[in-house]
Structures are given as C-alpha cells and as structure tokens.
Amino acid sequence: MNIKNIIGLIEKLFLIIIAIFTITAMAQEILSTIANHHVELKDLLLMFIYAEVLGMLGAFYASHRIPITIPLFIAMTALSRLIILQGKDGDPSILVYESTAIILIAAACWIISRVGLVSENE
C-alpha cells in the first residue's frame, strides 16, 4: 500500500466521521427543538447548515471533488444565522460587516456560476 492510498483511506475515514457527527448534531438539534416546543429561524438555519454539509459530503463521494459553491452557501447561511443570533442589541457596524460579507460571498457564487457556464459552452 503506497502513501497515496493511505492518505485516501484516512480522508474517507474522516469524511465518514464528519457525516456521523453531522447526523448526530442534527438529531440533537431536532430533539432539542421538540423538547422546547418552539421552532425558531436560527434552528432552521442551523439544520440547513447540517443538510448542506451532508450534501457537500454526498457531492464529494459522487464526483470526488467538492463544488466550491457549497462551502460558500454554508458560509452565507452561517453568517445569516450569526446576524439573527445577535439580535437588536448588537453593534450596527458588525451587522454592516456581516451583511457585506454575505453580499461578497453571493457575488463570488454568481461569478463562479457565470464562469462555469462560459467554460461549459466552449
């Protein structure tokens, strides 16, 4: 067994661990939400992040690469959740910075999708 195969095996092992931990965290969030008898937007966004992580793992296993837009979507969702968690009492300048980060990430996704369409048409 050469070093490339060993690294590939370790990578697959870590991806399985990430999937198990993600499913566990998702189950804990669902049980917590059921116990609280209350669903909030922050809970839904967190579950969406978990679903995107699982989608990213699925995309990796299907194509052996991760489309760059998936982690960018996760980042936008995480920033949105952070804004919601801060509430009304947060520093307005931080809200501007986080919102600007979301806009920049969205622009990057748009550019990547446009570049992908151009390279596919050629």
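Predicted model: local features only at pLDDT ≥ 70, side-chain atom pairs only at ≥ 80, totals over all residues.
Residues are numbered from 1 along each chain as its sequence is written, and side-chain values use heavy atoms, with hydrogens and water left out.

**Overall fold**

The chain has four helices and zero strands. Its pattern along the sequence is α-α-α-α. The radius of gyration is 18 Å, well over the 14 Å that the globule rule gives for 122 residues, so the chain is more spread out than a compact globule. That radius is taken over C-alpha atoms, and the rule is 2.2 Å times the number of residues to the power 0.38. Helices (H or I, at least four residues) and strands (E, at least two) are DSSP runs, numbered from the N terminus. The C-alpha trace spans about 55 × 40 × 25 Å along its principal axes.

Buried residues make up 25% of the 122 residues. Buried means under 20% relative accessible area, exposed over 50%, and partly exposed in between (1.4 Å probe, protein chains only). Of the contacts with a separation of 6 or more, 57% join residues 24 or more positions apart. A contact means heavy atoms within 4.5 Å.

**Annotated spans**

For "transmembrane region", an unreviewed UniProt entry lists residues 12–32, 44–62, 68–87 and 94–113. UniProt positions are given in the numbering used here, feature names are shortened, and annotations may be inferred rather than shown by experiment. Two of these spans are tabulated here.

| Span | Distance between end C-alpha atoms | Secondary structure |
|---|---|---|
| Residues 12–32 | 30 Å | 100% helix, 0% strand |
| Residues 44–62 | 26 Å | 100% helix, 0% strand |

**Two residues**

Thr-22 is found in helix H1 (residues 3–36). Thr-22 is buried, with a relative accessible area of 8%. Not counting residues up to four places away in sequence, Thr-22 touches Tyr-50, Val-53 and Leu-54.

His-37 sits in the loop between H1 and helix H2 (41–63). His-37 counts as exposed, at 73% relative accessibility. Most residues other than glycine have a negative phi. His-37 is not a glycine, yet has a positive phi of about 55°.
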